[in-house]
Amino acid sequence: MRRSRFDELVAEAAAVPVDGWDFSWLDGRATEARPSWGYQRLLGSRLAAVRSALDWETGGGEVLDGCPSLPPLMIATESWPPNVTRAAARLAPRGVAVVSTSDLPFADNVFDLVSSRHPVTTPWPEIARVLRPGGTYFSQQVGPASVFELVEFFLGPQPLEARTSRHPDHAIAAATAAGLEVVDLRSESLRTEFFDIGAVVYFLRKVIWMVPGFTVEQYLPKLRDLHELIERDGPFVAHTTRFLIEAHLIE
């Protein structure tokens, strides 16, 4: 018997690899508006102006590799083994050392610039420690209640502390406490659309902190409900939140 459209979409999305930080599989299946500031372009301009830099939680190295100029000392870290392999293959030809770690195992006062796109957490005291005096931390981060329309579809209403845990005010306070001065902060809410249930499955498999422990089997009834909703009403709409933060280590 021929499988239903739901079964086909879910099976396809459950089988595709999700290593790396390339979301091109979602082309035509989901859209997410991009922040107006252009993180990669801004990062590239900063990398071109320093002698030493660390890209922390580099993913598969896609963002860093898109920067046209890298400093003489360029290190990237990543903790997820599949991404470590991808990042090393991508960045080694450009002279980047990729270190497999979730920490910052570096000496004090080493880097002019530390960057990170979408870190899970930010260890502000450690970032301050490895920066040279006057050095810069530059990061695009996931903001509060990001894509929570989708999160709450699966998990139900979330408590206030979950909805506000990534608020930029927390980042400002933590940066200040670690001895950094925030010199730029920008926030945006961005429309995100999922056009089929396969896109949702792929997204939740890849962005694992959205619905922790997500598996198709565990959430099959919810996936069926969402599939029917999309088929009836059109794309499922959520809102991604992002903020850009730049902070200098006080000399």
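The legends below describe an overall view and several close-ups of one predicted model. Residues are numbered from 1 along each chain as its sequence is written, and side-chain values use heavy atoms, with hydrogens and water left out. Because the model is predicted, local features need pLDDT of at least 70 and side-chain atom pairs count only at pLDDT 80 or more, whereas totals for chains, interfaces and linings use all residues.

**Figure 1. Overall view of the chain, with its ten helices and eight strands.** Helices (H or I, at least four residues) and strands (E, at least two) are DSSP runs, numbered from the N terminus. The radius of gyration is 19 Å, close to the 18 Å that the globule rule gives for 251 residues, so the chain is as compact as a globular protein of that length; the radius is taken over C-alpha atoms, and the rule is 2.2 Å times the number of residues to the power 0.38. Along the principal axes, the C-alpha atoms fill a box of roughly 65 × 40 × 30 Å. Of the 251 residues, 46% count as buried, that is, under 20% relative accessible area, with exposed meaning over 50% and partly exposed in between (1.4 Å probe, protein chains only).

**Figure 2. Close-up of the largest nonpolar core, a set of 32 residues.** A nonpolar core is a set of buried Ala, Val, Leu, Ile, Met, Phe, Trp, Tyr and Cys residues joined through side-chain atoms within 4.5 Å. Leu 150, Phe 154, Phe 194, Leu 204 and Phe 214 touch the most other members. Two or more residues each come from helix 1 (5-15), helix 6 (148-155), helix 9 (197-206), helix 10 (220-233) and strand 8 (236-249), and the largest share, seven residues, comes from helix 9. A second, separate core of 20 residues includes Trp 124, Ala 128, Val 130 and Ile 245.

**Figure 3. Close-up of Phe 194 and residues that it touches.** Leaving aside residues up to four places away in sequence, the contacts of Phe 194 include Arg 29, Ala 30, Val 147, Leu 150, Phe 203, Ile 230 and Phe 236, where contact means heavy atoms within 4.5 Å.

Figure 4. Most residues other than glycine have a negative phi.
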